[in-house]
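The exercises below are meant to be worked through with the sequence and the model side by side. Try each task before reading its solution.

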Amino acid sequence: MGKAKQGIWRFAAASLCLLTVSHVVWADSLDAQRQRYSAIKQAWDQRQMDVVQQMMPGLKDYPLYPYLEYRALTSDLQNETAVAVTQFIQQYPTMPISRALTTRFINELARRSDWKGLLAFSPTEPSTTEAKCNYYNAKWQTGQTSAAWVGAHKLWQTGRTLPLTCENLFTAWRASGQQTVDDYLSRIVLAMKAGNTALVNALAGQLPDNDLTLSSSVISLADDPQTVLSFARTVKPSDFTRHMVELAFASVARQDVENARAMIPALVQAAGLDDNQAQSLKDIVAWRLFGNDITDEQARWRDDVIMRSGSDSLIERRIRMALGEGDRAGLNTWLSRLSMDAKQEDEWRYWQAVLLLERGRETEGRAILQDLMKSRGFYPMVAAQRLGVPYQLTVNDAPEASGTLVNGPVLARIRELMYWNLDNTARSEWAGYIASRPPEEQAALAHYALKQGWWDLSVQATIAGKLWDNLTERFPPAWKATFDHYVSGKDISSTYAMAIARQESAWNPKVRSPVGATGLMQLMPATATHTVKMFNIPGYSSSSQLLDPDTNIKIGTQYLQYVYQQFGDNRIFASAAYNAGPGRVRSWQGNSSGRIDAVAFIESIPFSETRRYVKNVLAYDAYYRYFDGDNSPLLTQQEWQQHY
């Protein structure tokens with residue numbers, strides 16, 4: 001152990017008189033341990049290492065002691081030994097900080113150029129990109145060249161910019177003669193697909209001198225995709241150039257769809273595209289011709305392209321258009337064009353059954369719906385409502401967690417992390433613990449979390465364990481009394497508001513989205529401020545208050561009530577508006593013009609995220625109603641009978 005590490009752990013003769021009692025007494029009380037834990041962190045922050053050294057031994061029995069050990073290890077990692085790091089990782093295998101320490105120490109060993117030590121510490125490939133680059137560099141440095149080049153090739157195949165550390169490995173790979181021009185070209189394609197223009201240009205600039213024309217053409221194409229036809233005419237056709245043509249053409253179509261459509265014949269000829277590749281270009285343009293502003297000729301061209309397409313996603317988009325227009329003949333036509341695999345999806349099985357019923361083929365249509373009811377989720381519930389029969393929920397009972405499972409150090413740490421309001425760290429600990437357990441124990445832990453009121457951890461466990469029929473744990477009664485209180489006197493039900501919150505946050509009250517949506521009901525700060533002003537809600541002054549469940553539910557239910565009333569007390573419209581905004585929902589209403597039913601409207605929502613959102617919220621509301629003793633159909637009679 002290095003001198004610096006010895007200095008940290010050497011007991012000082014004097015203390016700052018922070019505490020004078022013995023560590024034997026310290027260990028008697030959890031409250032006392034918490035006080036010392038806080039004091040030691042404060043002393044560490046103030047670099048009072050003599051206090052840290054004196055107090056550490058008395059906290060060995062405190063659940064969060066491993067975090068202090070981790071801080072000690074990483075504060076001087078450059079002088080730490082593999083033995084000490086390995087001992088920590090083996091002692092705390094499920095802790096997220098152990099995984100982080102593994103990565104950090106691999107990179108530290110690479111910094112030391114201790115290649116044999118690195119492979120001894122990490123005999124298998126690590127998880128992060130930088131550590132992987134150092135791992136395969138160690139393979140090369142120790143003479144294991146075949147394995148090193150396999151790893152280098154695997155790491156190379158990405159459109160992302162890689163850490164500078166990886167250049168050591170790639171330089172050796174290049175010098176060995178094992179890296180080829182084709183490796184460069186394949187990565188250029190990936191970078192182009194990822195929109196990483198800087199990487200495309202950097203890679204193209206490294207092509208051999210005899211490929212200068214190709215290099216300059218690729219750089220020009222990446223900088224200006226509108227030059228795609230010139231690119232195709234300049235370079236010799238190859239699989240690489242055809243890939244680049246298709247990627248650049250997609251960008252052209254996004255900017256000017258009619259220009260792209262007109263370009264197709266010349267581009268097919270110049271790039272030497274076959275029929276399938278030409279169809280791919282047409283598919284790209286057809287995808288852009290679904291707006292209300294296209295001409296009849298463009299619509300005919302689009303449909304002709306889709307009729308010849310093998311793209312299920314494009315055909316599904318055309319099916320949704322037919323649904324939104326109430327076009328039953330078109331629905332039948334486009335459903336028949338799907339692949340056999342796609343036809344087995346719940347939504348398309350349902351609509352095939354509807355078509356059969358409408359043609360009087362009752363036995364066949366009902367058989368499909370009855371079979372669909374055996375599954376879980378939105379369309380099985382819709383199938384039951386279509387048949388006029390109750391939907392039978394399957395609810396698996398979770399076993400009770402054993403004392404061994406819940407009284408160990410992991411759960412003790414989680415409790416303490418929650419005490420210190422380190423909720424995100426607690427969730428990370430929980431996730432690591434759940435992932436390490438077999439399915440039956442995952443279910444037991446989900447149930448334990450439910451009983452503790454750790455509602456988001458209960459949900460997290462069911463997701464990690466794929467415990468889809470453990471509905472009690474998947475849909476806990478989180479903050480139910482608060483929801484009941486704030487929906488009192490409103491038109492929305494508490495189960496509906498809870499379904500929105502469950503979909504938005506999975507019951508994590510501290511979650512923030514990348515765009516700033518905050519808390520249980522994922523309120524945007526501007527929306528919260530507007531709602532507070534519009535309805536004179538007292539006591540709100542800062543967006544940080546949205547992390548408080550009570551405040552979030554108070555404002556969130558008021559906003560949900562507002563959009564619910566805007567759309568005639570209809571949960572389909574209100575849910576879509578909560579997710580995508582009221583303006584978009586009004587636009588979709590204008591497109592369908594009262595021609596279609598509820599299910600067709602939902603399925604024709606053009607945004608896949610909003611479509612899934614509405615389906616989930618309606619199903620989640622049904623689950624919460626079930627737990628309230630209400631087994632009514634998925635949609636209300638008003639929602640079911642309304643024209644959309």
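**Exercise 1. Is glutamate 297 buried, partly exposed or exposed, and what is its relative accessible area?**

Before starting, note that this is a predicted model, in which local features need pLDDT of at least 70 and side-chain atom pairs count only at pLDDT 80 or more, while totals for chains, interfaces and linings use all residues. Residues are numbered from 1 along each chain as its sequence is written, and side-chain values use heavy atoms, with hydrogens and water left out.

Step 1. Recall the classes: buried means under 20% relative accessible area, exposed means over 50%, and partly exposed lies in between, with a 1.4 Å probe and protein chains only.
Step 2. Glutamate 297 has a relative accessible area of 37%, and therefore it is partly exposed.

**Exercise 2. Find the salt-bridge partner of glutamate 297 and say which helices the pair joins.**

Step 1. A salt bridge is a side-chain nitrogen of Lys or Arg within 4 Å of a carboxyl oxygen of Asp or Glu; glutamate 297 forms one with arginine 261, their closest N and O atoms being 2.7 Å apart.
Step 2. Because arginine 261 lies in helix H17 (residues 257-271) and glutamate 297 in helix H19 (residues 296-308), the pair ties together parts that are 36 residues apart in sequence. Helices here are DSSP runs of H or I with at least four residues, strands are runs of E with at least two, and both are numbered from the N terminus.
Step 3. Arginine 261, at 12% relative accessibility, counts as buried, whereas glutamate 297 is partly exposed.

**Exercise 3. Describe the salt bridge between glutamate 108 and arginine 111, and then that between glutamate 364 and arginine 361.**

Step 1. The side chains of glutamate 108 and arginine 111 meet at 2.7 Å, N to O, and because the two are three residues apart in helix H7 (residues 96-111), about one helical turn separates them.
Step 2. Glutamate 108 is buried, at 9% relative accessibility.
Step 3. For glutamate 364 and arginine 361 the N to O distance is 2.8 Å; glutamate 364 is partly exposed at 39%, and arginine 361 is partly exposed at 37%.
Step 4. The structure holds 35 salt bridges, and a network of them links Arg320, Glu347, Glu603, Arg611 and Lys615.

**Exercise 4. What surrounds arginine 187, which is buried yet has no salt bridge?**

Step 1. Arginine 187 lies in helix H12 (residues 181-193).
Step 2. Its nearest side chain of opposite charge, glutamate 167, is 5.6 Å away, where Lys and Arg count as positive, Asp and Glu as negative, and His and the chain ends are not counted.
Step 3. The side chain of arginine 187 does reach the backbone oxygen of arginine 160, at 2.9 Å.
Step 4. Leaving aside neighbours within four places in sequence, the residues in contact with arginine 187 (heavy atoms within 4.5 Å) include Trp156, Thr158, Leu199 and Leu203.

**Exercise 5. How many residues make up the largest nonpolar core, and which have the most contacts inside it?**

Step 1. A nonpolar core is a set of buried Ala, Val, Leu, Ile, Met, Phe, Trp, Tyr and Cys residues joined through side-chain atoms within 4.5 Å.
Step 2. The largest has 206 residues, and those with the most contacts inside it are Ile188, Trp351, Trp430 and Trp507.
Step 3. Helix H39 (residues 608-627) supplies the largest share of this core, nine residues.
Step 4. Leaving aside its neighbours within four places in sequence, tryptophan 351 is in contact with residues including Leu323, Tyr379, Asp597 and Glu603.

Notes: A polar contact is a pair of N or O atoms within 3.5 Å; within protein, one must be able to donate a hydrogen and the other to accept it, and residues adjacent in sequence count only if both atoms are side-chain atoms.
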